Amino acid sequence: MKNISIDSLKVSCSIKLNDLPTLIDVATSEKKKEKELQKIREKLSKIQDMMYAHNKYSVLICLQGMDTAGKDSLIREVFKEFNARGVVVHSFKTPNSNELEHDFIWRHYLALPEKGKFSVFNRTHYENVLITRVHPEYILSENIPGIEKVEDITPDFWENRFESINNFEKHLALNGVIILKFFLHLSKEEQRQRLLRRLEKEKHNWKFSPADLKERLLWDDYQKCYEEAINKTSKPYAPWLVIPADNKETARYLVAKSILEELEKYEFHYPELDDEVKGNIKMYHDKLASEK
């Protein structure tokens, strides 16, 4: 299997999405990719167990991408070997009335992982500089002082949001949250094919919404907003990785490999028993073994 450098996927300087591939050749079969993914899943499961016992760090995985980019199936396949109690997936929909009574990050803060655990954000706090930027009228429902109409939303408003997001993530990183952000980079043609399959296969009809076609007309607007958001918020403590997503199996493998390589940088370990307990291990064992 062709070795792909994960560092080459990280955004460490200004990028243009049009210059980045949505499909890469890993020179192997789908079956081989699945076997490699399985090996990574098993390693991640062991790390998860040790990280839980270590109880100092947590992990936040952020997934963004256009409709049909494969976020749901990626989550299912990458995390299937995890202890279910150690990973929680949050899918952020349109804010409800209670969430709109708070600042735009509040509901995401509530979903952060406890020490030793993983949280996966399927769509994230970045929706607040993506969909609301393409549809600025949505901002009006947030009832923000000084914002009475769309024309009140200035470029400085978005700059302040980017700054708030960077500060939020830096605060998390300083307190032991390992953050990895993945943009599933899908081509417009591949999205068209996936939407067609939803219509052609009856069992997938439920996934289709006419709104998908309306949002597709805004493809270029979304790409521009994604590009700016990634460039302004990819930091060493919370990097963005742009994952070629036209092939779902390759995307899953690259995301899993990225997570594994990042976690292997940390020295997680099981806690040491105190000297008294350690010195009496044999006695405890013999006592239990002798019970009828």
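Helix H2 passes helix H9 in a right-handed crossing, meaning that the near helix is turned clockwise from the far one by less than a right angle. This is a predicted model, in which local features need pLDDT of at least 70, side-chain atom pairs count only at pLDDT 80 or more, and totals for chains, interfaces and linings use all residues. Residues are numbered from 1 along each chain as its sequence is written, and side-chain values use heavy atoms, without hydrogens and water.

**H2 and H9**
- The axes (lines fitted to C-alpha atoms over the stretch in contact) of H2 (residues 71-78) and H9 (residues 248-263) come within 10 Å and cross at roughly 55°.
- Contact (heavy atoms within 4.5 Å) involves Ser73, Leu74, Arg76, Glu77 and Val78 of H2, and Lys248, Ala251, Arg252, Val255, Ala256 and Ile259 of H9.
- By class, this contact has six nonpolar, one polar and four charged residues.

**Met51**
- Met51 lies in helix H1 (residues 30-54) and is buried, with a relative accessible area of 0% (buried means under 20%, with a 1.4 Å probe and protein chains only).
- Its C-alpha atom is separated by 5.3 Å from that of Gly116, 65 residues apart along the chain.
- Leaving out residues up to four places away in sequence, Met51 touches Tyr57, Ser58, Val59, Gly116, Lys117, Phe118 and Phe268.

**Positive phi**
- Most residues other than glycine have a negative phi.
- Thr68, in the loop between strand S1 (58-65) and H2, has a positive phi of about 75°.
- Thr68 is buried at 9% relative accessibility.
- Arg123, in the loop between strand S3 (118-122) and helix H4 (131-134), has a positive phi of about 70°.

How values were computed. Axes fitted to C-alpha atoms, helices over the stretch in contact; angles between N-to-C directions. Helix = DSSP H or I, 4+ residues; strand = E, 2+ residues; numbered from the N terminus. Nonpolar A, V, L, I, M, F, W, Y, C, P; charged D, E, K, R; others polar. Buried < 20%, exposed > 50% of the residue type's maximum accessible area, 1.4 Å probe, protein only.
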